[in-house]
Amino acid sequence: MTSSVPPLNRIRVGSAPDSWGVWFPDDPRQVPWQRFLDEVAEAGYEWIELGPYGYLPTDPARLADETALRGLKVSAGTVFTGLHHGPAVWDKTWAHVADIAALTREMGADHLVVIPSFWRDDKTGQVLEDRTLTPAQWHDLTTQTERLGREVRDRFGLNIVVHPHADTHIDSEDNVSRFLDATDPDLVSLCLDTGHYAYCGGDSVKLIETYGERIGYLHLKQVDPEILTDVIANEVPFGPAVGRGVMCEPPNGVPALEPVLTAARNLDVDLFAIVEQDMYPCPPDKPYPIAKRTRRFLRSCGA
């Protein structure tokens with residue numbers, strides 16, 4: 001029997017260390033990187049992200065050998081930035097970005113996922129700064145992000161895709177729209193994480209339909225609406241919320257991924273759609289069965 005779901009031929013599905021409970025370069029509660037690579041390939045994925053820099057080997061030749069051995073390719077690297085602090089943090093930011101961008105380029109990827117810094121600590125919940133930016137900070141955020149996009153493109157040939165994220169200043173529909181409206185489309189695209197956007201009250205399909213030309217990359221993720229309601233009501237920080245299971249296995253949460261994938265397909269552009277289910281920390285045997293089921297579910301959606 002053939003499926004009636006149209007294939008999403010221009011959407012390339014992958015996964016990431018995050019779906020194996022990996023948030024840090026080195027943490028005894030995380031699975032070894034060899035196990036991640038083995039299991040992500042066995043689960044049926046062809047593409048991966050690098051995850052936190054230093055988790056996977058940082059020597060390009062070794063990493064290329066390890067990924068090729070398992071039939072894997074790299075879609076993107078990831079960097080964390082605090083660009084709303086202005087030009088004063090540029091040198092420190094670039095020192096962090098350059099090594100990751102170099103490895104990303106060496107692995108043949110075209111994208112660098114940029115995650116804004118958290119206004120409260122993702123592990124402890126400690127409030128680090130005001131959750132609302134001043135107009136001057138917004139100006140620094142947008143202009144410095146454009147600078148980052150230009151430098152990363154010119155020096156490494158990569159495209160930055162900025163990732164709206166819970167407990168950062170680029171989170172809600174209003175803040176994402178404000179950020180996109182204030183940045184140059186030629187320099188700054190978006191990594192739409194469906195779970196984080198729903199976590200912060202946004203509608204992923206609406207965002208794709210409104211800002212389609214700015215969508216450069218997707219993270220596929222869902223939130224448990226019942227747990228999210230409690231998290232929002234009690235102002236639970238993101239890290240502890242993940243520990244409560246706020247990010248859940250598809251198709252058990254929101255947003256529904258079929259309409260998101262259909263909206264993305266209608267853009268008629270090549271897109272990566274990387275599965276991310278935040279599960280830090282988690283038992284080492286938990287991720288692999290979820291990854292297999294998720295890959296099967298996405299195939300049923302045509303991806």
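This is a predicted model: local features need pLDDT of at least 70, side-chain atom pairs count only at pLDDT 80 or more; totals for chains, interfaces and linings use all residues.
Two packed helices are described by the angle between their axes and the distance between the axes. In the pair formed by helix 3 and helix 4, the axes come within 11 Å and cross at roughly 40°, and helix 3 is therefore oblique to helix 4. The crossing of these two helices is right-handed. From helix 3, the residues that take part are Trp 90, Trp 94, Val 97, Ala 98, Ala 101, Ala 102 and Arg 105, and they meet Gln 144, Arg 147, Leu 148, Glu 151, Val 152, Arg 155 and Phe 156 of helix 4. Divided by class, the contact of helix 3 with helix 4 contains nine nonpolar, one polar and four charged residues.

Helix 4, which spans residues 135-156, also packs with helix 5, residues 173-181, at an angle of about 55° and with the two axes 10 Å apart. Helix 4 and helix 5 are therefore oblique to each other, and their crossing is right-handed. On the side of helix 4 the contact is made by Pro 135, Trp 138, Leu 141, Thr 142 and Thr 145, while helix 5 contributes Asn 175, Arg 178 and Phe 179. The contact of helix 4 with helix 5 has four nonpolar residues, three polar residues and one charged residue.

Rolling a probe the size of a water molecule over the atoms shows where empty space is left. The largest pocket has a volume of about 510 Å³. A total of 27 residues line this pocket, and those closest to its centre are Trp 23, Thr 78, Phe 80, Ile 115 and Asp 122. Strand 3, at 73-81, and helix 3, at 90-106, are the elements that give two or more residues to the lining of the largest pocket. By class, the lining of the largest pocket comprises 13 nonpolar, seven polar and seven charged residues.

For the second largest pocket the volume is about 320 Å³. Its lining consists of Phe 80, Thr 81, Gly 82, His 85, Val 89, Lys 92, Thr 93, His 96, Ser 117, Phe 118, Leu 128 and Glu 129. At least two residues of this lining come from strand 3 and at least two from helix 3, with helix 3 providing the largest share, three residues. The lining of the second largest pocket divides into four nonpolar, six polar and two charged residues. Phe 80, one of the residues closest to the centre of the largest pocket, is also one of the residues that line the second largest pocket.

Across the whole structure, two cavities of 30 Å³ or more are found. The largest cavity holds about 80 Å³ of space. It is lined by 15 residues, of which Ser 19, Val 275, Gln 277, Ile 290 and Thr 294 are the closest to its centre. Helix 11, residues 287-300, gives the most to the lining of the largest cavity, supplying four residues. The residues of that lining comprise nine nonpolar, four polar and two charged.

The second largest cavity contains about 50 Å³ of space. Thr 81, Gly 82, Leu 83, His 84, Val 114, Pro 116, Leu 141, Thr 145, Val 162 and Ile 170 form its lining, to which strand 4, at 111-116, and helix 4 each supply at least two residues. Six of the lining residues are nonpolar and four are polar, with no charged residues.

Most residues other than glycine have a negative phi, and most peptide bonds are trans. The peptide bond from Val 254 to Pro 255, however, is cis, with omega near 0°, and Pro 255 is found in the loop between strand 9 (247-248) and helix 10 (257-265). Another cis peptide bond joins Tyr 280 and Pro 281, with omega of about -15°; Pro 281 lies in the loop between strand 10 (271-275) and helix 11. Glu 235, a residue other than glycine, has a positive phi, near 50°, and is placed in the loop between helix 8 (225-233) and helix 9 (238-243).

Technical notes
Residues are numbered from 1 along each chain as its sequence is written. Side-chain values use heavy atoms; hydrogens and water are left out. Axes are lines fitted to C-alpha atoms, for helices over the stretch in contact, and angles run from 0 to 180 degrees between N-to-C directions. Angles under 35 degrees count as roughly parallel, over 145 as roughly antiparallel, 65 to 115 as roughly perpendicular and the rest as oblique. A crossing is left-handed if the near helix is turned anticlockwise from the far one by less than a right angle, and right-handed if clockwise. Contact means heavy atoms within 4.5 Å. Ala, Val, Leu, Ile, Met, Phe, Trp, Tyr, Cys and Pro count as nonpolar, Asp, Glu, Lys and Arg as charged, and the others, Gly among them, as polar. On a 1 Å grid over the protein atoms alone, a cavity is a set of points where a 1.4 Å probe fits but cannot get out, and a pocket is an open set with protein on both sides within 12 Å along at least five of seven lines; lining residues have an atom within 4 Å of a point. Grid points are joined across faces, edges and corners, and a volume is the space filled by probe spheres set on the points.
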